[in-house]
Amino acid sequence: MAEHREFYYRRLHSLLGVVPIGIFMVQHLVINHFAVYGEESFNRAAGFMAGLPFVLLLEIFVIYLPILFHAILGVYIVFVARNNTRKYGFFRNWMFRLQRITGIITLVFIAWHVWETRVQIGLGNVDLDYSLMEGILTNPFMFWFYVAGVVSAVFHFANGLWSFLVSWGITQSPKSQKIATYAVIVVFFAISYIGVRTLIQFAYGV
């Protein structure tokens, strides 16, 4: 019974990593990418998202609670997982280890990002607009911190998408898993470009 329960917990963990967390991350990066088209464009897009009906309830039940569950179970998996990269060194084993490492980095990054933006906004200390992110990212340390956080989050999502396809029985054959590997690599580079390009715009205005 314990093994079955853990199996279903891991499947739920994988599902939440893709839906809704992964979908939200992609949507969030795409909205932020409007900064590339100018300050007014970003402020309009950010204002539209902030003005959605029941936005607080959506954030709690579609974003924060799934992330909290995913993070808690993910940390548990990090500490109980058997990393065998030194013994075997297979590509997929390295992806397994990097998934855990980027999970921790992403958790730290999200916690800081939420504090620096959403919590500060809730306290009335800042406004969520172009100038806020510009002020944060013109600091070189924060720029590279955000680059590491965004790339880690995207990798965690892309590699987690591969695991999701396997654990839910969508890609069962070696051929389908190989195709999925190439697909998630494309996803990783495409979404990473969107995220990092936005950070460069905020930091350097180019």
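Two residues count as in contact when heavy atoms lie within 4.5 Å. Keep in mind that this is a predicted model.

**Exercise 1. Work out how the chain is built overall, and whether its radius of gyration agrees with that of a compact globule.**

Step 1: check the size. For 206 residues, a compact globule would come out near 17 Å, and the chain has 18 Å, which agrees. Along the principal axes, the C-alpha atoms fill a box of roughly 50 × 35 × 30 Å.

Step 2: look at contacts and surface. Take the contacts with a separation of 6 or more: 72% of them come from residues 24 or more positions apart. Of the 206 residues, 39% count as buried. The chain exposes about 12,400 Å², and carbon and sulfur atoms supply 72% of that area.

**Exercise 2. Describe helix 7 from end to end.**

Step 1: start with its length. Helix 7 covers residues 140–167, which is 28 residues, and reaches 40 Å from first to last C-alpha, close to the 40 Å expected at 1.5 Å a residue.

Step 2: look at the ends. N139 caps the N-terminal end, with a side-chain oxygen 2.9 Å from the backbone nitrogen of F141. After the helix comes G169, with a positive phi near 75°.

Step 3: zoom in on S152, which sits in helix 7. Its relative accessibility is 8%; the cut-off for buried is under 20%, so S152 counts as buried. A polar atom of the S152 side chain lies 2.8 Å from the backbone oxygen of A148. Beyond its neighbours within four places in sequence, S152 touches T102, I105 and T106.

**Exercise 3. Find out what kind of aromatic pair F155 and F188 form, and which helices they lie in.**

Step 1: get the overall count. The whole structure holds 13 aromatic pairs.

Step 2: classify this one. The F155 and F188 ring centres are 5.9 Å apart and the planes stand at 85°, which makes the pair edge-to-face.

Step 3: F155 is in helix 7 and F188 in helix 8 (residues 174–204), so the pair ties together parts 33 residues apart in sequence. F155 is buried at 15% relative accessibility, and F188 is buried too, at 17%.

Step 4: I185 and N159 are 26 residues apart in sequence, with their C-alpha atoms 8.2 Å apart in space.

Step 5: note the aromatic cluster as well, made up of F109, F141, F145 and Y146.

**Exercise 4. Look at the backbone at P20 and F54: what stands out?**

Step 1: take P20, in the loop between helix 1 (2–18) and helix 2 (21–32). The peptide bond from V19 to P20 is cis, with omega near 10°.

Step 2: move on to F54, in the loop between helix 3 (39–50) and helix 4 (55–80). F54 has a positive phi of about 55° although it is not a glycine. Its relative accessible area is 65%, so F54 is exposed.

Definitions and conventions:
Residues numbered from 1 in each chain as written. Predicted model: local features only at pLDDT ≥ 70, side-chain atom pairs only at ≥ 80, totals over all residues. Heavy atoms only, no water. Helix = DSSP H or I, 4+ residues; strand = E, 2+ residues; numbered from the N terminus. Expected span 1.5 Å × (residues − 1). Polar contact = N/O pair within 3.5 Å; in protein donor to acceptor, adjacent residues only side chain to side chain. Buried < 20%, exposed > 50% of the residue type's maximum accessible area, 1.4 Å probe, protein only. Rg over C-alpha atoms; globule rule 2.2 N^0.38 Å. Areas by Shrake-Rupley, 256 points an atom, 1.4 Å probe, with all protein chains shown as cover. Phe/Tyr/Trp six-rings, centres within 6.5 Å; stacked < 30°, edge-to-face > 60°.
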